[in-house]
Amino acid sequence: MINNTETLANAPRILKTRADWYRALGIGEAAGTQLFSLSGDLLNPGLYELPMGTRLEELVFVHGGGMLDGRAFKAVFAGGPSSTRLTARMPVMCRSSSPCPCDLR
């Protein structure tokens with residue numbers, strides 16, 4: 001049984017080009033890339049492959065294009081139904097310079 005097809009899909013390239021190549025795709029100490037699915041009241045919903053360590057703010061407001069006119073950011077479900085939600089009131093989503101990597105494992 002394969003639990004993580006994303007890891008399986010990356011394995012041949014990692015084996016061919018070595019682990020250092022894959023590590024270099026991430027930001028800071030985060031290695032590789034991750035698929036992020038954006039949906040809801042965003043200008044650019046979709047599936048994005050981004051470096052691990054990408055800030056959550058960048059994911060939502062840059063790649064996702066921000067909120068549709070008249071809509072306010074309320075929350076993000078990071079990691080699916082077993083994960084907690086991150087709300088606009090939490091410091092992790094403030095639009096400041098504080099780091100907020102998306103590798104919320």
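Colleague: How many helices and how many strands are there in the chain?
Modeller: This is a predicted model, in which local features need pLDDT of at least 70 and side-chain atom pairs count only at pLDDT 80 or more, while totals for chains, interfaces and linings use all residues. Residues are numbered from 1 along each chain as its sequence is written, and side-chain values use heavy atoms, with hydrogens and water left out. Helices (H or I, at least four residues) and strands (E, at least two) are DSSP runs numbered from the N terminus. The pattern along the sequence is α-α-β-β-α-β-β, and the chain holds three helices and four strands.

Colleague: At which residue does H1 bend?
Modeller: Helix H1 covers residues 5-17, and its 13 residues reach 19 Å from the first C-alpha to the last, close to the 18 Å expected at 1.5 Å a residue. That expected span is 1.5 Å times one less than the number of residues. A bend is the angle between axes fitted to the seven residues ending at a position and the seven starting there. In H1 the bend is about 35 degrees, with the proline Pro 12 following within four residues, and it falls at Ala 11.

Colleague: Which residue follows H1, and what is its phi?
Modeller: Helix H1 ends at residue 17. The residue that follows H1 is Arg 18, with a positive phi near 85 degrees.

Colleague: How many aromatic pairs are there?
Modeller: Rings of Phe, Tyr and Trp (its six-membered ring) pair if their centres lie within 6.5 Å; planes under 30 degrees apart count as stacked, over 60 as edge-to-face and the rest as tilted. Applying this rule gives two aromatic pairs.

Colleague: Why does the pair of Trp 21 and Tyr 22 count as tilted?
Modeller: The ring centres of Trp 21 and Tyr 22 are 6.2 Å apart. The pair is tilted because the ring planes stand at 45 degrees.

Colleague: Is Tyr 22 buried or exposed?
Modeller: Buried means under 20% relative accessible area, exposed over 50% and partly exposed in between (1.4 Å probe, protein chains only). Trp 21, at 29%, is partly exposed. Tyr 22 has 17% relative accessibility, so Tyr 22 is buried.

Colleague: How are the rings of Phe 61 and Phe 73 arranged?
Modeller: The centres are 6.1 Å apart and the planes of Phe 61 and Phe 73 are at 55 degrees, so the pair is tilted. Phe 61 belongs to helix H3 (residues 56-63) and Phe 73 to the loop between H3 and strand S3 (75-77), so the pair ties together parts 12 residues apart in sequence. Both Phe 61 and Phe 73 are buried. The arrangement of this pair is tilted.

Colleague: Which residue lies over the face of Trp 21?
Modeller: A charge sits over a ring if NZ of Lys or CZ of Arg is within 6 Å of the ring centre and within 35 degrees of the ring normal. At 4.8 Å from the ring centre of Trp 21, the residue over its face is Arg 13.

Colleague: How many salt bridges does the structure hold?
Modeller: A salt bridge is a side-chain nitrogen of Lys or Arg within 4 Å of a carboxyl oxygen of Asp or Glu. One of them joins Asp 20 and Arg 23 at 2.8 Å, N to O, both residues being in helix H2 (residues 19-24) and three residues apart, about one turn. Another joins Glu 57 and Arg 55, with the closest N and O atoms 2.2 Å apart. The number of salt bridges is three.

Colleague: How many residues apart are Asp 41 and Arg 71?
Modeller: The side chains of Asp 41 and Arg 71 meet in a salt bridge at 3.6 Å, N to O. Asp 41 is in the loop between strand S1 (33-38) and strand S2 (46-51), Arg 71 is in the loop between H3 and S3, and this link between distant parts of the chain spans 30 residues.
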